[in-house]
Amino acid sequence: MTDFLSGALTTIALCWRIERRDGIAIGLTDHDRDLVIDGIIHRAAPGMTPSAITRTDTLEPDTMDVAGALSSTAITEADLLAGRWDGARVTIFAVDWTGGEGRVDLGEGQIGAVELRDGGFTAELRGAGAALDGPVVEETSPECRADLGDKRCRVSMAGRRQLARVVAIYGQRVTLDVPERAAGANALGLLRWITGHNSGLSSAVAASDGDVVTLRSAPVLPVEPGVMVELTEGCDKSLATCAARFANAANFRGEPYLPGIDLLTRYPGA
């Protein structure tokens with residue numbers, strides 16, 4: 001029912017429901033007071049303004065921008081810079097703020113590029129049609145295209161994760177209180193921050209040596225000694241490692257012996 005759209009005096013309020021990848025969900029509205037919709041409190045955020053919403057029936061991806069003011073209780077600059085909102089699912093809809101029945105869905109998608117300026121932010125909302133911009137099929141590659149432990153790789157991850165505490169950190173080098181289970185096992189793996197300022201974020205591991213791991217990039221937020229982390233074993237995605245270390249060559253998702261474009265540059269004796 002959308003009778004509230006045709007009344008002489010409109011009582012329309014725009015609402016946003018944002019669900020982050022770590023499971024946290026918030027509700028916002030451009031109304032001047034909080035609204036409770038489907039059991040979720042949508043906080044009044046007058047600074048939230050969407051761009052013109054255009055929906056088409058073509059294959060062109062639907063996108064829109066949402067601008068807003070940074071709030072210490074909802075969306076903070078630190079969280080945006082840390083990437084906590086990257087890829088978050090957003091639903092935008094209109095309701096009758098007087099409590100009448102009816103709801104009009106205006107769009108949904110994922111947060112794309114985020115830009116900070118003048119104490120506020122602008123976020124791009126990419127609709128479902130944006131997925132059509134991606135490749136239709138996978139390209140061939142000498143390396144495995146599966147991720148260690150996923151449904152295509154099928155390697156059991158039991159025993160390949162371990163909890164540890166940070167003893168010291170210097171730039172990208174993190175010293176832990178627990179050594180890795182095997183030499184280089186955590187290289188190219190993942191370090192997930194469980195406690196501390198970076199809680200919920202993950203960092204890619206470039207190399208590992210005993211109780212020291214080297215991250216691909218330094219943590220976004222400061223790290224204090226004693227914070228808990230979870231280390232997930234890595235894989236260099238080569239056939240040799242897949243066969244020797246994981247005994248999983250049957251599930252290797254790559255073409256290591258397929259000639260590449262460099263075949264044209266080869267000559268006898270090269």
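Lys 237 sits in the loop that runs between strand 15 (228–232) and helix 2 (239–244). Here helices (H or I, at least four residues) and strands (E, at least two) are DSSP runs, numbered from the N terminus. Although Lys 237 is not a glycine, its phi is positive, at about 65°. With 24% relative accessibility, Lys 237 counts as partly exposed; the scale calls a residue buried under 20% relative accessible area, exposed over 50%, and partly exposed in between (1.4 Å probe, protein chains only).

Ala 247 belongs to the segment after helix 2. This residue, too, is something other than glycine with a positive phi, near 50°. Ala 247 is exposed, and its relative accessible area is 68%.

## About the model

What you see is a predicted model, where local features need pLDDT of at least 70 and side-chain atom pairs count only at pLDDT 80 or more, while totals for chains, interfaces and linings use all residues. Residues are numbered from 1 along each chain as its sequence is written, and side-chain values use heavy atoms, with hydrogens and water left out.

## The whole chain

How many helices and strands does the chain have? There are two helices and 15 strands. Of its 270 residues, 33% count as buried.

Now for contacts, meaning heavy atoms within 4.5 Å. Taking those in the chain between residues at least 6 apart in sequence, 54% join residues at least 24 apart.

## Charges over rings

The charged end of Arg 103 sits over the ring of Phe 93, 3.8 Å from its centre. Over the ring of Trp 85 sits the charged end of Arg 20, 4.9 Å from the ring centre. To count, NZ of Lys or CZ of Arg must be within 6 Å of the ring centre and within 35 degrees of the ring normal.

## Enclosed spaces

Rolling a probe the size of a water molecule over the atoms shows where empty space is left. A cavity is a set of points, on a 1 Å grid over the protein atoms alone, where a 1.4 Å probe fits but cannot get out; lining residues have an atom within 4 Å of a point. Grid points are joined across faces, edges and corners, and volume is the space filled by probe spheres set on the points. The count is two cavities of 30 Å³ or more.

The second largest cavity holds about 40 Å³ of space. Its lining includes Arg 160, Arg 161, Glu 180 and Asn 186.

Note on methods
1 Å grid on protein atoms, 1.4 Å probe; cavity = no way out; pocket = protein on both sides within 12 Å on 5 of 7 lines; lining within 4 Å.
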